[in-house]
Amino acid sequence: MIAILAFDHGRTIQTDHVEPAWLEEGATVRFWVDVTSPTDEDGRLLSELFHFHPLSVEDALSTIQFPKVEQYDDYLYMVLHGIDFRKKQHHFATLDVDFFLGRNYLVTVHTGESRSVKRITELCARRENVLAEGPVALLHRIVDAMVDNYRPEIDALEARISKLEEQAFTGRDNIVKSLLQLKRDLSSLRRVVIPQRDAIGRLARREFGSISEEMTYRFRDVYDHLVRISDEATIFQDRVNGILEAHLSAVSNRLNEVMKVLTVMSTIFLPLTVLTGMWGMNIRLPYMPGGEAAQFWWIGAMMAAVVVVMLAYFKRRNWL
């Protein structure tokens, strides 16, 4: 599906086609073409009407591309990623948005609905000056909206990490699976943010002639946000590794406590087993005190004395 917005003679209009005159040298019309779920026919439109390079068109029609920015003869091609955390699947889903930035136009291509593109489209319908500012300013608005969408997801990640930190030191809940899922989420986040940070950094350094000095300041602000997000992702990863180590240590300590108690109990019952085994023989030893009836009370008293003595000894050695 293709949506086209154009700014001409002081007003924004919506149309279903691009006039060839808009692409001529000296044309004053500023327009935005948004292609959702592109088809082969849309690819031919990009190649035949805009005369984009076949490699950039091929990348735009592809569903998965790494963030990058490339300069062609008369346009700038860029790939950025939107983000969407899916709680049920416990992973970050990314949405590629491809940008073709020309002298007086911006073409965006994406598969599925983009929250950022939808928000700026609604803004264009309400405010005439959005398209009037030019395609570079429009590109900045979309990119800035995409980066703003990261913040709620980052905050949700931090909340998950804090909750797992509280559970880790008890050692009672099995949070290893949750921690491994969280590490996978953080790896996905870093895999998206770091290349995207580098791509925006090139716009902020004014490596391309189509980016004015004023716009570099705006892209520099977006770049700073991505730097903070990438730093937070690194810190979160270190925190998760620390939580995992602390949890495994707590589990190991609890296991040691259990084994210590079981060892003490086994040690206590060992002499009791020997005594009951001796008095349970079918023969009568001459040194056994008392008669048949008194043997039960003698052995019971001896067993109780052994238990008391061993517990006192273990307590003195701080084994209990």
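Author: Start with the core. The largest nonpolar core has 56 residues, and W32, F99, L138, I142, V143 and L203 touch the most other members. The model is predicted, so local features need pLDDT of at least 70 and side-chain atom pairs pLDDT 80 or more, while totals for chains, interfaces and linings use all residues. Residues are numbered from 1 along each chain as its sequence is written, and side-chain values use heavy atoms, without hydrogens and water.

Reader: What makes a set of residues a nonpolar core?

Author: Its members are buried Ala, Val, Leu, Ile, Met, Phe, Trp, Tyr or Cys, joined through side-chain atoms within 4.5 Å. Buried means under 20% relative accessible area with a 1.4 Å probe, protein chains only. A second, separate core of 21 residues includes W22, V57, Y72 and V107.

Reader: Which residues is W32 in contact with, leaving aside neighbours within four places in sequence?

Author: Contact means heavy atoms within 4.5 Å. The partners of W32 include A3, L5, L106, V117, L138 and I142.

Reader: How do you know that helix α7 is close to its expected span?

Author: The expected span is 1.5 Å times one less than the number of residues. Helix α7 (176-204) has 29 residues, so 42 Å is expected. From first C-alpha to last, α7 reaches 41 Å. Helices are DSSP runs of H or I, at least four residues, numbered from the N terminus. Just after α7, R206 takes a positive phi of about 60 degrees.

Notes
Buried < 20%, exposed > 50% of the residue type's maximum accessible area, 1.4 Å probe, protein only. Helix = DSSP H or I, 4+ residues; strand = E, 2+ residues; numbered from the N terminus.
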